[in-house]
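Have a look at the model first, then read on.

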Amino acid sequence: MSHCNKKMLSFFLTTKCNLCCRYCYNVEERNRIQEQTISFEIAKAAVDWYFENNVSRHIRFYGPGEPTQEFEMMKEITAYAKRHPNGGNRVTVEIQTNGVFTKEVREWALENINIMWMSFDGMKDIQDYYRPLNPKFSAVFNGQTSAEVLESNVKWLIEHKKSRELMVGARVTINKMNVNKQIDTINYFFELGIRYVWTDPLFCSVGNKPVCDETSKLDECYFGIENYVKNYIDAYKYSKEKGVFWGSFFAVNFDGESDYHCRCCTPLSAPHITVDGYISACDMVLLGANPYYMKPFVVGKWNSMNKSFDLYSDKIITLNNRRSTVMQHCEHCSAKMNCGGYCLGETVNETGSLYGNNKAKCDAIIRLYKEIGKCEPYDYLHP
Ligand code: SF4
Ligand code: SF4
Ligand code: SF4
């Protein structure tokens, strides 16, 4: 099952965040505007529209900030979807969270969430270095560090989940500090009870110019891609013995064939509703009003007069047409049907073009494909 089969309705819930991550992927975008949260009117309309036109009943909460910072809104949207007359009884809920939330949130999550991906960079020193708590929130967490709160929440959820359909996994950003510690990271997560981990090599943040026109950003997102691949292969083998799933963002399609990379190519079956009322095709395009060079991914907008979503069909068709089978640089690639032309968001962020090519990433994917190759369907698709 390749990654483009992940069908769901995502809510980019709020720009508020309680951490100050060193490499926050969207801090420039969030700093340009005042704090915003999705409106319940638009969220409800999105649920009605999505359920009317899709079989999937999977909903998901994600950035641009930390979704649990708008806990009441998340609860309201979840309750609305779950009691929806059109298949609400089949609703499943996923969240990508920084994991730094209160006891009240985790008690609700235990009963309401099915898939929880924690953005978690591994051992405490690494987590606290890259993802420190915003000091404004220190009192809320009794002076604990982000790693201490996260550890406590992970352990509590895993200990209490019992027979509930809840998976608590980690989504690790690979950086300079953990790239050579992948086996140690597996052992650390194993001790906490985590059995599913996706590793995502650090990518450059989204700004108002693509990275090719702002090359100073390359230092900020350097982690050593060859080192990552080499260590990943060792860690992957080790993880199999340990009974832990250790996935790579470069291998999200190794479990199935498609010339699409991901849901971004079919945005109407996996739309993302932004805080400012747009439909985005991609996790990297979190605000619709000023997407700069990321505008190919803004595929619709809430129309407050008609109370419906306007869709930009030309952009949707352009994304539909972005396939590895039509891209020149993919023509002779052995991984063509198990890569799908790589992440569209990162490609545009780096090269300014949907059809751009990042050779270092292609080399990494091809090497992983040769060494690891195709695999059985993943239990939990990459977030
Ligand atoms: S938790 Fe996410 S949104 Fe918040 S600072 Fe970190 S990367 Fe940015
Ligand atoms: S960030 Fe990449 S993998 Fe994720 S939705 Fe966007 S294009 Fe797809
Ligand atoms: S690895 Fe590169 S060349 Fe091969 S299919 Fe993916 S994007 Fe295309």
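Phe-249, Phe-250, Val-252, Asn-253, His-261, Asn-338, Cys-339, Tyr-342 and Ile-365 line the second largest cavity. Keep in mind that this is a predicted model. Searching the whole structure turns up two cavities of 30 Å³ or more.

**Second largest cavity**
- This one holds about 30 Å³ of space.
- Its lining is made up of six nonpolar and three polar residues, with no charged ones.

**Largest cavity**
- The volume here is about 700 Å³.
- A set of 42 residues lines the largest cavity, and Tyr-25, Tyr-62, Gln-96, Arg-171 and Phe-203 are the ones nearest its centre.
- Strands β2 (58-62), β3 (92-97), β5 (167-174) and β6 (196-201) are the elements that each give two or more residues to that lining.
- Sorted by class, the lining has 21 nonpolar, twelve polar and nine charged residues.

**Ligand 2**
- You'll find ligand 2 sitting in the largest cavity.
- Around ligand 2 are Phe-249, His-261, Cys-262, Arg-263, Cys-264, Cys-282, Asp-283, Met-284, Cys-343, Leu-344 and Gly-345.
- That shell splits into seven nonpolar, two polar and two charged residues.
- Phe-249 and His-261 turn up around ligand 2 and also in the lining of the second largest cavity.

**Largest pocket**
- The largest pocket has a volume of about 330 Å³.
- Its lining counts 15 residues, with His-58, Glu-94, Ile-115, Asp-379 and Tyr-380 nearest the centre.
- By class, that's six nonpolar, four polar and five charged residues.

Notes:
Residues are numbered from 1 along each chain as its sequence is written. Chains are lettered from A and ligands numbered from 1 in the order in which they are written. This is a predicted model: local features need pLDDT of at least 70, side-chain atom pairs count only at pLDDT 80 or more; totals for chains, interfaces and linings use all residues. Side-chain values use heavy atoms; hydrogens and water are left out. A residue is near a molecule or strand if one of its heavy atoms lies within 4 Å of it. On a 1 Å grid over the protein atoms alone, a cavity is a set of points where a 1.4 Å probe fits but cannot get out, and a pocket is an open set with protein on both sides within 12 Å along at least five of seven lines; lining residues have an atom within 4 Å of a point. A molecule sits in a cavity or pocket if more than half of its atoms lie within 2 Å of its grid points. Ala, Val, Leu, Ile, Met, Phe, Trp, Tyr, Cys and Pro count as nonpolar, Asp, Glu, Lys and Arg as charged, and the others, Gly among them, as polar. Grid points are joined across faces, edges and corners, and a volume is the space filled by probe spheres set on the points. Helices (H or I, at least four residues) and strands (E, at least two) are DSSP runs, numbered from the N terminus.
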